[in-house]
Amino acid sequence: MSYSGTVHCSYCGKKGHNRLGCPEREKNAISDPESYDAKKWRAERERLKARVASRKCSYCKQGTIDGKGHNRKGCPVLKEDRKLVETRQIEYIEQFRTALQETGLSVGALVTVPDGNSYDDAGIWGRGFTSMVTSIDWSNIDFLMNDTKLLRDWRASSRNLLQTRVISSFGYCADDDDWRRSGRPNFNEVRPLTVSNLLSLMPSVFHELATNQDGHNVESRPIRLESPSHISPSSPSSDAEIINAPLNRAFQFVPMRRADSWEKVRRGMSDDIWSRVRPLEHADATAH
Ligand SMILES: [Zn+2]
Ligand SMILES: [Zn+2]
């Protein structure tokens, strides 16, 4: 291959294929099978076939299925996993939409959000703001919030699920120089609602352990619902938001460039990410 990325055939000199895939060479090899190059061509073909057959998939680690090797791109296991994850996620999106609508947290709802620190005298309600729900962030919402223990990932509780726009604020003082305190939000500023904010209002969409404070580290910072909105919430606008980035990361479907092999391999079936994606196999894997 040349530096420009175009393949040149050293047999016929044409572009777009190499010696092994050369149609002219194949034609000559077939019409004169006892020639030196015809024998060489057959040997090269056999070596390529053997290499393909022994190829190991970086996802399922199975070398062959039905006697044929495959790579990640052609992996039937990955393909089926993706489909099952998609099915579970579509089901969860409906569950989440219903919970939003029933709670009254659809677009247009007015909420008051605590923004103080628990270590302050005034507590989390020492400061805060009132804002209106403006959108649902489907790129951050997935069934792992329900199917897995949230404490597995400390970032999970600060995930932004809904966006709001600020209407008014209270309790902030102009001369506050404590860097740990967040600044006064401006009118119309975008502020998110996180897992911590919604945990106790919509317990049905989160893991049961997350709403049970015993032995759990997900901080609950419940908002106050001032004026509910029960309109039908929007769905994700594209397929990319169905299997979103957090799901891709958790299931290791699309590894990052230069990912290590353990970041590419299918996660073990005993992991609770599979609990409602492959319930029977997960139960088998976790049975003692
Ligand atoms: Zn050629
Ligand atoms: Zn595979």
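Modeller: The model is a predicted one. The protein holds seven helices and seven strands, and along the sequence these follow the pattern α-α-β-β-α-β-β-α-β-β-α-β-α-α. Of its 288 residues, 21% count as buried.

Five of the strands make an open sheet in the order E6-E5-E4-E3-E7, with antiparallel pairing. Strand E6 (190-194) and strand E7 (224-227) are at the edges; each has a single partner strand, so one side of each has no neighbour in the sheet. On average, and with direction ignored, neighbouring strands of this sheet are turned by 45 degrees against each other.

Within the sheet, strand E3 (residues 110-114) pairs with strand E4 (residues 128-136) in the antiparallel sense, over five bridges. In this part of the sheet, valine 111 stands opposite serine 131 in E4.

The loop between strand E5 (160-170) and E6 contains asparagine 188. Most residues other than glycine have a negative phi. Asparagine 188 is not a glycine, yet its phi is positive, at about 75 degrees. This residue counts as exposed because it has 10 C-beta neighbours inside 10 Å, and the cut-off for exposed is 12 or fewer.

Glutamine 252 also has a positive phi, near 55 degrees, and is a residue other than glycine. Its place is in the loop between helix H6 (245-251) and helix H7 (279-286). With 19 other C-beta atoms within 10 Å, glutamine 252 is partly exposed.

Notes
Residues numbered from 1 in each chain as written. Chains lettered and ligands numbered in written order. Predicted model: local features only at pLDDT ≥ 70, side-chain atom pairs only at ≥ 80, totals over all residues. Helix = DSSP H or I, 4+ residues; strand = E, 2+ residues; numbered from the N terminus. Buried ≥ 20, exposed ≤ 12 C-beta atoms within 10 Å, placed from the backbone. Pairing = 2+ DSSP bridges. Axes fitted to C-alpha atoms, helices over the stretch in contact; angles between N-to-C directions.
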